[in-house]
Amino acid sequence: MEFVPGRPPLPPPEAIIAAGHEWAVFLAPADPQLRQHTPNEPYYYERKNGITTWIRPFDYVEPTDPNNPDAALEVGRKWQQAESERKRHAARIFAKQDTAVSQQHIDDTPWRRVETKQNRVFYYNNDTKESRWDQPVQVTEALQAMAEKEKEQQAEGTEMNVDDAEWMLEQMQDEDMSDNESVGTHDANALPRVDERIALLDKPERIVHFKSMLYEAKVDPFGTWDSELDKIANDWRLTAITDDAERGDLFDAVCAEIIERRNRERKHEPLVEKSSDPFGELLRESVVKKTSFAKFCQRNLKDPRYLSIKTSREREKRFVKHLESVVGVNK
């Protein structure tokens, strides 16, 4: 908090948040900004509202102790001691909850570097069972020696004399010649190896094989090349076309043909004419001379044609009329 001229400073943070009386007295520090007040001049601090004042508050209760002339200052000291003890206690509890997550043995020393779950590091001596937070001198020297040794090895690995350079150039030339002579290439952009059954075919025949593969795999015409690739990944005809862009174009063409074929088949499907009198159709199918209305209802209760008539009275009326026509025909 910034210093406000004319007002005493805030007490130490430990005193501000510590438990204790509402008021406590502190001594002013030797601060040049406190020009109108002398060092060690008493001032008062209220913990509840965070107020400091040079004037003794009316509700301040002076601690009285005949044997201790500085009893008033003891309140502030107790605040600081209580807060310091609280912090130490919290730190001890926090430390007990910590566990080791990784260990590293330091070569040529009995020490191990241990890292904990709370990202703390300590060192443990296997011989003396000693643990310490600071890095032992023996560990520091060992790490420095390891770093110097690693630098020397790197320097040795990068040094190259004239004979080494000539030998390396010869090896590189041999590798270039072998790459040019070989049928396959190790280039990262090289095309995949073509199956022997495809190698002797010309381009139109390869396209036919590739499209036949897609049709037989029943690819989803609304999918993508990447999503449908698993269906044909092990098919030998996949190597008929090696260019990824051309594969994608043929895949799109096959998908368009599948969709067009489905649309044509859908247009030529015979239309099923819906009956204009579904209840009458149901009567003609299920009512005979000895059929009762109760049995008719029981048998066809869930039939949509039965439910096409909303009221039971209308159903019975239609049933009786139809039954009369059936009896008249059978006479």
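Strands β1 and β2 (residues 42–46) are joined by five bridges and run antiparallel to each other. One of the contacts in this pairing joins L27 to its bridge partner P42 in β2. In this predicted model, the two strands belong to an open sheet of three, ordered β1-β2-β3 with antiparallel pairing. The edges are formed by β1 (23–27) and β3 (51–53), each of which pairs on one side only. On average, neighbouring strands of the sheet are turned by 25 degrees against each other, direction ignored.

Attention now turns to charged side chains. Across the whole structure, 15 salt bridges are found. One of them brings together R88 and E85, with an N to O distance of 2.8 Å. Both residues sit in helix α2 (residues 71–96), where three residues, about one turn of the helix, separate them. E85 also forms a salt bridge with R92, and here the closest N and O atoms are 3.3 Å apart. How accessible are these side chains? R88 is partly exposed, at 44% relative accessibility; E85 is partly exposed too, with a relative accessible area of 37%; and R92 counts as partly exposed at 41%.

A further salt bridge joins the side chains of R305 and E281 at 3.6 Å, N to O. This pair connects distant parts of the chain, since R305 lies in helix α11 (residues 304–307) and E281 in helix α9 (residues 278–286), 24 residues apart. E281 is partly exposed, with a relative accessibility of 26%.

Technical notes
Residues are numbered from 1 along each chain as its sequence is written. This is a predicted model: local features need pLDDT of at least 70, side-chain atom pairs count only at pLDDT 80 or more; totals for chains, interfaces and linings use all residues. Side-chain values use heavy atoms; hydrogens and water are left out. Two strands pair if DSSP finds at least two bridges between them. Helices (H or I, at least four residues) and strands (E, at least two) are DSSP runs, numbered from the N terminus. Axes are lines fitted to C-alpha atoms, for helices over the stretch in contact, and angles run from 0 to 180 degrees between N-to-C directions. A salt bridge is a side-chain nitrogen of Lys or Arg within 4 Å of a carboxyl oxygen of Asp or Glu. Buried means under 20% relative accessible area, exposed over 50%, partly exposed in between (1.4 Å probe, protein chains only).
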